Every structure is written in C-alpha cells, then in structure tokens.
Amino acid sequence: MSDRRLPRLLQTPAVILLLIWMLIPLGMTLYFSFIRYVLNSLRRPEWTSPSLSNWRGFGNYEFVLNNKDFFFAIQNSLLIVCSILFATVILGVAIAVLINKAFAGRGIVRVLLISPFFVMPAVNAVLWINMILDPVLGLQGIAVAGINEFIDGMRAAPVVGGFFSLWPELEPISFRATQTSAWAVIIMVTWQWTPFAVLIFMTSLQSEDQQQKEAAILDGAGAWSQFRFLILPHLGRPIAIVVMIQAIFHLSLYAEIEIVSRGNGNKNLPYLIGEFANNNIGAASATGIFAVILANIVAIFLLRMIGKTLME
Amino acid sequence: MGQIELTSVTKSFGDVQVIPPLDLTIEDGEFAVFVGPSGCGKSTLLRLIAGLEDTTSGTVAIDGEDVTQVSPSKRGLSMVFQTYALYPHMTVRKNIAFPMRMAGLSDDEQKKRIAAAAESLNLTDYLDRKPGQLSGGQRQRVAIGRAIVRDPKAFLFDEPLSNLDAALRVGMRLEITEMHERMKTTMIYVTHDQVEAMTMADKIVVLQAGVIEQVGSPIELYEAPKNLFVAGFIGSPKMNFIEGEEAAKHSAKTIGIRPEHIDVVESGGQWKGTVGVAEHLGSDTFFHVHGTGLAETLTVRAVGNVALKHGDKIELNPRAAEVHRFDQAELRIA
C-alpha cells in the first residue's frame with residue numbers, strides 16, 4: 001500500500017492547486033450571485049460591500065431572466081459560435097486541400113495564410129469595421145459606389161443599356177446596424193480563425209498515407225471520391241479538435257463585439273456580463289453562472305458529437 | 001487476358017535515369033517476379049506498369065494495346081501494396097467493395113463478389129471489422145481481396161510480404177502461389193527476397209540499377225546464371241567465388257561453385273581448410289571454411305549432420321561438373 005501512497009502524495013499539490021484555481025472563483029461567483037452587491041449606490045451604501053446580510057436568494061437570477069437582453073444574448077452567442085465554426089471548417093478544409101499540392105511559392109503562400117491569426121482581436125475588429133466593412137470609407141463602400149457608377153455609365157450605352165437600366169442602385173450595408181453587427185463579428189472572426197483551421201488540417205494532410213491514395217487511384221476513385229472517402233475521413237479528428245477549441249474561444253468573444261457596435265443589437269453572454277459588471281456585481285455573477293451552464297451544455301453536445309471521432 | 005509488354009521504356013527523375021531503355025514481355029497467365037537489391041528500380045518498373053509513374057519514353061502495352069497514356073484506373077490492373085494501403089475508416093467489407101463501388105457495380109453483384117472473395121481468403125468472419133483490428137496477415141488478405149474483386153487483367157504485388165513475420169510470410173507465399181494456380185491470371189511480383197522469387201515465379205527478372213541482368217525460369221537462373229551478379233544473387237547461401245590460380249586452371253577469370261556442390265570428404269580432398277563456423281540445422285550442416293587459400297571464406301553445405309566444429313580441419317571436393325566459369329567481363333563462359 002505504501003508504494004501507492006507516495007505517488008499520490010506527490011500528486012496532491014498539483015491537484016490542490018487546480019482545485020483552488022477552479023473552486024475559489026466559482027465559489028465566489030456563486031456567493032455574489034445570491035447577494036445584493038453593487039459597486040456604487042448612494043441610496044443603499046450597505047450594498048457596496050459583499051456581505052451575507054445582503055442575501056437576495058434567487059433574486060439576481062430572476063432579475064437576469066427578466067432582462068430583455070438575456071435570451072437574446074444566449075441566442076446570439078450560439079449564432080456567432082455556430083456560424084464561425086461552420087465557415088472556418090469549410091474554408092479551412094478547402095484551403096488546406098488546395099495548398100497541399102506542391103506549387104511554386106508555396107512557402108510564402110503558407111506564411112501569408114497563417115498571418116491573420118497573429119493579428120490582435122481588437123486590431124482585427126478595428127481594421128475590418130473601419131477599413132473594409134465601412135459603408136462609405138471602407139472597401140465595401142468604395143466597391144459598391146464603383147459598381148453603381150459603372151451601371152450608371154452603362155445605362156447610356158447602346159444595345160446593353162436597356163439591360164442595365166433594369167438594375168437597381170446597390171445600397172452598401174452598414175455593419176454597425178442592429179441587424180447586421182453580429183454578421184460583421186462573424187466575418188472578421190472567421191477571417192482570423194480560418195488560418196488556425198488551415199494550419200491544423202494542413203499538418204494532418206501531410207501525414208496522409210500516399211499508398212492509400214495510390215490504391216484509391218488504382219481502384220478508380222476520381223478527385224471527388226478521393227476527397228470524400230479518403231481525405232475527409234482522415235480529417236475527422238483534426239476537424240473535431242478545431243471545432244472543440246474554437247467553440248471554447250468563441251463563446252467568450254468580447255473585443256470584436258465591443259468595437260463593432262458596443263453591444264448594440266449584438267450582445268453575447270460575456271458582453272452582457274460585462275454590462276452588468278459596470279455596477280451590478282450580483283446580476284453579473286448570476287449571468288456568469290448561466291454562462292457556465294451554457295458552456296457545459298455546449299461541451300456535452302460537442303463531446304457527444306466529437307468524442308466518438310476522437311476515441312476511434 | 002493479360003499480356004504486358006514494355007518497349008524501350010525509360011524513366012528519369014530529374015537528371016537521373018533510373019531505368020535505361022528496357023524491353024520486357026510478360027505473357028498472359030505468367031507469374032513474373034522482379035527481384036534485385038533495394039534501389040535497383042524494380043518497384044519503379046512496377047509503378048510504371050501500374051501507371052502510378054509516367055514513363056519518360058517508350059511504351060507500355062497491355063494485350064497489345066498501348067496504355068502509356070491511359071490513366072491507372074483504366075488499365076485494368078490491381079495492385080497490392082507493401083503497407084497494405086487499406087482505407088482505415090472503412091470496414092473490411094467496405095474496403096473490398098470500394099473498387100466495385102467506384103466502378104458503379106450493382107449491389108447484388110458487389111455482395112456476390114465480396115462473399116466469394118471473403119470465402120477464398122478466409123475473411124468471412126472479419127468482414128465487419130476495421131483494418132486496425134486485424135493482424136498483419138489478415139490485412140494483407142483484405143488487400144488481396146480488394147484486388148481480386150476488380151477481376152483485373154493482371155495483379156501487381158509490391159513487396160507484399162516484407163511487413164510480415166517469417167512464419168506468416170511462408171504461409172502467404174503459398175496462398176498467393178495457389179491463388180495464381182487457381183486463377184491463372186497474370187501476376188507481377190516485386191521482391192528483394194530471392195527465396196520468394198525462386199519459390200513463386202514462372203519467370204524471374206533479375207534487375208540491377210534499372211538494367212535487366214537476366215530473365216528466365218528459376219531453374220535456368222540457378223543452373224546457368226548469365227553473369228556474376230545473377231550467380232551471386234540467386235541461390236541461398238550465396239555461391240562461392242574463387243579467383244586467381246584455381247580459376248586459371250579452369251581457364252576463367254572467376255569460377256563459382258555453390259555450397260551444395262562441394263562435398264566434405266574424410267581424406268584426399270582437393271581443398272583443405274579449417275572450420276570457422278558450423279551451423280547445424282539437422283537436415284543440413286553449413287560450414288564456413290577459412291584458410292583454404294582460395295577465398296576468404298568458403299561456404300559448404302553438407303547433407304545431414306556432420307560432426308565437425310569450430311577449429312576442426314576439413315577436406316573438400318568440388319564437383320567439377322557444377323563449376324560455373326566467368327570471364328574478364330564477369331560474363332558466363334559456356
């Protein structure tokens with residue numbers, strides 16, 4: 001027995017540290033979510049310091065559930081995460097397969113492809129919203145104006161003029177608006193994280209068995225069949241990893257949402273927590289607990305879906 | 001049908017010509033073995049026939065039809081790879097069905113052929129497993145099954161047994177030979193193992209540095225090797241080569257004599273030496289003899305158990321009729 005005790009004893013510090021690391025913040029969040037605790041209140045100064053005498057029960061939770069933004073934030077969190085996952089995996093697989101073949105300048109192309117991943121999230125957001133998506137000064141605005149001008153010019157042209165006069169004038173899309181700001185975030189995060197997916201898929205493709213490929217060629221598999229029956233199953237595991245890691249990261253998106261529209265029409269749970277935390281720590285903590293629950297639900301889903309692939 | 005004809009085929013990788021112009025015909029139904037040391041171009045030659053490599057010049061014809069520019073899948077050949085190359089995420093059944101699925105065969109036909117292949121290869125109980133759950137020998141059988149169901153004009157084997165252990169290798173060797181006897185389909189088999197070549201082939205093609213050294217039946221190669229290389233490569237243990245005075249007696253630059261053609265005698269032997277290592281196998285005894293003054297080591301095979309050990313004096317008599325003579329250019333003197 002004693003020979004088992006020693007390894008356990010040696011493991012304990014690490015385990016205890018991990019427990020402290022997780023349990024203390026979680027415990028404090030739970031505690032704050034059940035009391036009235038605000039940062040600043042002239043009317044009720046006793047609420048500004050955490051104390052059991054300010055017990056509120058499930059009051060904070062009720063307050064959060066009744067907040068008009070809460071369900072919207074959950075829905076928006078899921079929309080953003082799922083859209084980004086969908087787009088990055090498809091783009092990632094497509095690009096990885098495309099650059100897997102040897103061609104001149106492949107090294108440079110690869111470096112360029114990876115580079116968006118090294119841009120800071122806030123810089124990424126500023127860059128996109130101001131320089132690319134802006135309806136007037138961004139590339140989008142310039143492109144739409146250019147197309148409109150071209151169509152305008154063509155209306156006077158003989159023969160094809162009639163065709164172009166049927167075209168409506170194109171309106172640039174304002175990505176800071178309530179309805180579209182989530183899409184701006186999805187676009188810019190997809191741009192930033194596709195390289196991550198490409199990187200992982202690319203390394204996986206390099207480990208592909210060449211003889212399997214040759215066997216498939218001899219078996220009469222065309223390019224599409226090879227992709228469908230060899231490459232895609234081979235990428236199953238890396239896809240699972242990319243989905244898992246990205247889901248964790250994108251549930252906590254913040255900088256992009258702040259910069260694009262300051263949460264206007266586009267809040268996710270972390271952003272809502274941030275808004276509450278401006279003053280109402282109790283409500284922010286209660287939202288935090290909801291966020292933990294949401295993250296766990298997503299995790300269970302992912303593990304069910306992906307665990308199988310990973311275990312095989 | 002499955003007659004394969006190579007006409008002045010060459011292959012270069014960049015500036016390096018790995019196969020100088022080469023002509024070879026493999027008749028329908030023949031079991032041809034390409035054998036040679038590693039790097040001799042035998043696998044490249046097989047890949048040229050399969051279409052996995054493009055020829056630099058020359059033509060490949062199957063049944064008289066030029067297929068040099070035809071894609072690998074349209075040549076009607078099946079290949080079995082050294083690493084088996086099974087599709088890891090598919091069951092055995094799906095692996096075997098894959099080429100038929102690609103060819104768009106009906107489900108009934110697929111089922112029939114899978115059942116027949118599984119039956120003949122003893123795979124029926126494993127059809128729903130994945131390759132990862134099979135042993136090396138079973139995987140190799142699945143690979144062969146996948147090749148059979150296509151009903152090819154010829155089978156190409158690329159060192160299929162080199163990843164198996166010795167006992168399995170002997171078993172699979174027999175299975176493949178029997179399969180050939182049964183199906184009578186052309187087979188081309190690449191190996192570096194001359195024992196496999198000798199036991200399986202109708203026709204052996206000995207290659208060195210991309211050049212065909214000799215083509216012939218196993219016994220032809222054994223009895224009348226064209227040159228020193230073939231003489232040394234075919235036969236196990238290797239033929240003994242003797243140069244100098246002894247060779248001059250036979251008016252040759254080099255003479256060669258196989259270990260089994262030297263007799264161990266009690267006294268009055270032509271050659272005398274001391275035993276370096278004696279390998280007692282029961283059925284045979286191999287002696288590595290030093291100090292004969294002819295070559296550094298002479299290998300001798302005696303039938304049965306001969307009770308000589310390290311350091312003993314030994315007397316030897318070569319059988320004069322079995323001496324192979326080679327000239328200055330290393331070619332056989334008839």
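Predicted model: local features only at pLDDT ≥ 70, side-chain atom pairs only at ≥ 80, totals over all residues.
**Backbone features in loops**

- Most residues other than glycine have a negative phi, and most peptide bonds are trans.
- Asn122(B), which is not a glycine, likewise has a positive phi, with a value near 60°, and belongs to the loop between helix H3 (107–120) and helix H4 (136–148) of chain B.
- Asn122(B) counts as exposed because it has 12 C-beta neighbours inside 10 Å, and a residue with 12 or fewer is classed in that way.
- The peptide bond between Ser236(B) and Pro237(B) is cis, with an omega of about -5°, and Pro237(B) is located in the loop that runs between helix H8 (228–233) and strand S11 (240–243) of chain B.

**Strand pairing around S1(B)**

- Strand S1 (residues 4–13) of chain B is paired with strand S2 (residues 16–26) of chain B in the antiparallel sense, through 7 bridges, and within this pairing Leu6(B) has Leu24(B) in S2(B) as its bridge partner.
- The hairpin formed by S1(B) and S2(B) has 2 residues between the strands, and Gly14(B) in this hairpin adopts a positive phi near 65°.
- S1(B) is also joined by 5 bridges to strand S4 (residues 57–62) of chain B, again with an antiparallel course, and here Thr7(B) stands opposite Thr59(B) in S4(B).
- In a regular strand the side chains alternate between the two faces of the sheet.

**Contacts between chain B and chain A**

- On the chain B side, 15 residues are in contact with 14 residues of chain A.
- Strand S6 (77–80) and helix H2 (92–103) of chain B each contribute at least two residues to the side of chain B that touches chain A, and H2(B) gives the most to that side, with 4 residues.
- By residue class, the side of chain B that touches chain A comprises 11 nonpolar and 4 polar residues, with no charged residues.

Terms used:
Residues numbered from 1 in each chain as written. Chains lettered and ligands numbered in written order. Pairing = 2+ DSSP bridges. Contact = placed C-beta atoms within 7 Å. Nonpolar A, V, L, I, M, F, W, Y, C, P; charged D, E, K, R; others polar. Buried ≥ 20, exposed ≤ 12 C-beta atoms within 10 Å, placed from the backbone.
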